[in-house]
Amino acid sequence: MQLSKKHYLLTAGNALWYACLMFFSYLMLLITLQYIPVRTDVAFLQIKGDVTGMLHYRVAFFAHVYTGMFVLLSGMLQFPAFIRQRFPTIHKWSGRIYTGGIILLAGPSGLIMGYYGNGGLVSQTAFCILAVLWIAFTWKGVAAIWAGDVRVHKIWMYRSYALTLSALSLRAWKWLLVLLFAPGPMDVYHVVSWLGWTGNLLMAEVIIRARGNKL
Amino acid sequence: MKPLLHFFVLGTLICLQGCSGCIKKSGGSTQTSKSGKSKFPVPDATTNLIIKDEKDLTGYWAGIFGPDKADSLEEDGDYESGYNKINISLDHIDGDQVEGHIVIQGKLRPFKCNMIKSGSKYRFSFKGVSDEKSTGTYTVSIAKGDSLLTGHWSGGDKVPSHDFALTKKLFNYNPDWKLEESSYIDWSKSKKINIKPDSGETYTDARYATTSAEVQKYNPSTDVLTTKYLANLKKADLLILRNSIFARHGYTFKKSRLSWYFSEQSWYVPISNDVTAELTPIEKQNLKMMAPYEKYAQEFYDAFGR
């Protein structure tokens, strides 16, 4: 009993990690709230005047922004061991929200937004690759658990969530690079459109390799 | 575990206080404030820049107005001050009566006084009045055969008086006037940064919102700006670019930093506090296009976001 209790407790490191996630997710929520109610003259959209006139862009944008929040939070529920072991129903249902949200809404809409992205071909390529990989990795994770392969499921979901978290890391990188080097807005955008998700994916691979058979 | 949890919850709550500043900074207004146009007649000016005759006196006389740098500079460097350009416009001369107005830092003030001719010199003296308060006494003289209006300003015992020298300006709007190399620096907004030189110790310096060479690339009074160009500009560049349109038309700036910046441009002559009617179609189009980029740069450039 004593041992299992210890097992379920979050370690200090874990707590810090979740605190970080919660904090940046909260900032993400604040960013999202700027678009409620639906309006196209605020924040990021005020410099997207050339595309906000198109219905499919607006649909994609708002689908992405609103679903993104649920994906981010439901994804966070997937990792704590105590939820997976004690409340498998929560794991399953929030997992369905997460994977369905990405594969059906946030992913495809991200691809459309990436196609019309700022920063020219450099950033558009980055965002389109990101969207395709995001859908693909999430799908692989779903397929693996349908086949009953928990280990492979975990591996692909690590990769999937790494890409989900690029929403946070891209913005954090941008903030840091502006603080350090004060580059032009589009120069920094070129950098973070790649750095935002490749860094995360690298970290996911490191974690997967490090855990190896313990996954 | 319990105290840890309390600490965690408390810490989170503290963190969340005032977080909205992390994702969005309060942007200044990008609108040029209009407080009613002060209308003065455009003086009939001869093209003679060297005074030969009394007729040559009317017109705009413009130049830098302020105390000598050597006197005013504090030991640690008085960075907060700059120089304004003044325009003493001699609107109408009738016998020994001079009517005119002065334009400086967003203000237009009329004056009327007697002119004294002594030898080859014209002299007159008037008081600047703003909101029924005196803004000092101007004593000026112009010599025949000379191109300078030299003067002295005294504002009472509390402020140091100073001399000034102005030249006659024939103002004809020219969209081709280019921004000359001069830095706009907003000393009120700084960010501490650590600089590590190749040799020596790391030191802390402050970074200010300042213009870059980008502002000289295109002229918003003649070129149709592209979104690609605007999207990569920082807020100080966008601010200066937009206001350069107004400056070319002789807009007199209320905000001291803008007034100082444009006062350093050789072509700049402050004339009016409302130039909206003078804007060309290309300038209107560029102003409309620039507005969202400037607002976006102010609100989101250094925030957590994209």
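The model is a predicted one, so local features are given only at pLDDT of at least 70 and side-chain atom pairs only at pLDDT 80 or more, while totals for chains, interfaces and linings use all residues. Residues are numbered from 1 along each chain as its sequence is written, and chains are lettered from A and ligands numbered from 1 in the order in which they are written.

Chain B splits into domain 1 (54–169) and domain 2 (176–300), with bounds taken from an automatic or database domain assignment. Where the two meet, 16 residues of domain 1 of chain B are in contact with 13 of domain 2 of chain B (contact: C-beta atoms, placed from the backbone, within 7 Å). On the domain 1 side, β1 (59–65), β2 (84–94) and β3 (97–104) of chain B each put in at least two residues; strands (E, at least two residues) and helices (H or I, at least four) are DSSP runs numbered from the N terminus. That side is made up of eight nonpolar, five polar and three charged residues (nonpolar: Ala, Val, Leu, Ile, Met, Phe, Trp, Tyr, Cys and Pro; charged: Asp, Glu, Lys and Arg; polar: the others, Gly among them).

These strands also pair up (pairing takes at least two DSSP bridges). β1(B) and β2(B) are antiparallel, with seven bridges, and B:Gly59 sits opposite B:Leu90 of β2(B). β2(B) in turn runs antiparallel to β3(B), again through seven bridges, with B:Asn87 facing B:Val103 of β3(B). The hairpin of β2(B) and β3(B) leaves two residues between the strands, and B:Gly95 there has a positive phi near 65°.

As for the inside, the largest nonpolar core has 97 residues (a core being buried Ala, Val, Leu, Ile, Met, Phe, Trp, Tyr and Cys joined through C-beta atoms within 7 Å; buried meaning 20 or more other C-beta atoms within 10 Å). Among the members touching the most others are A:Leu130, A:Trp134, B:Trp61 and B:Ile88. Helix α5 (residues 235–248) of chain B brings the largest share, eight residues, and both domains of chain B supply at least three each. Beyond four places in sequence, B:Trp61 contacts residues including B:Asn87, B:Ile88 and B:Leu166.

Between the chains, 28 residues of chain A meet 27 of chain B. α1 (2–16), α2 (20–23), α4 (227–231) and α7 (281–300) of chain B each give two or more residues, with α7(B) giving the most, six. The chain B side counts 17 nonpolar, five polar and five charged residues.

How values were computed:
A residue is buried if 20 or more other C-beta atoms lie within 10 Å of its own, exposed if 12 or fewer, and partly exposed in between; C-beta atoms are placed from the backbone.
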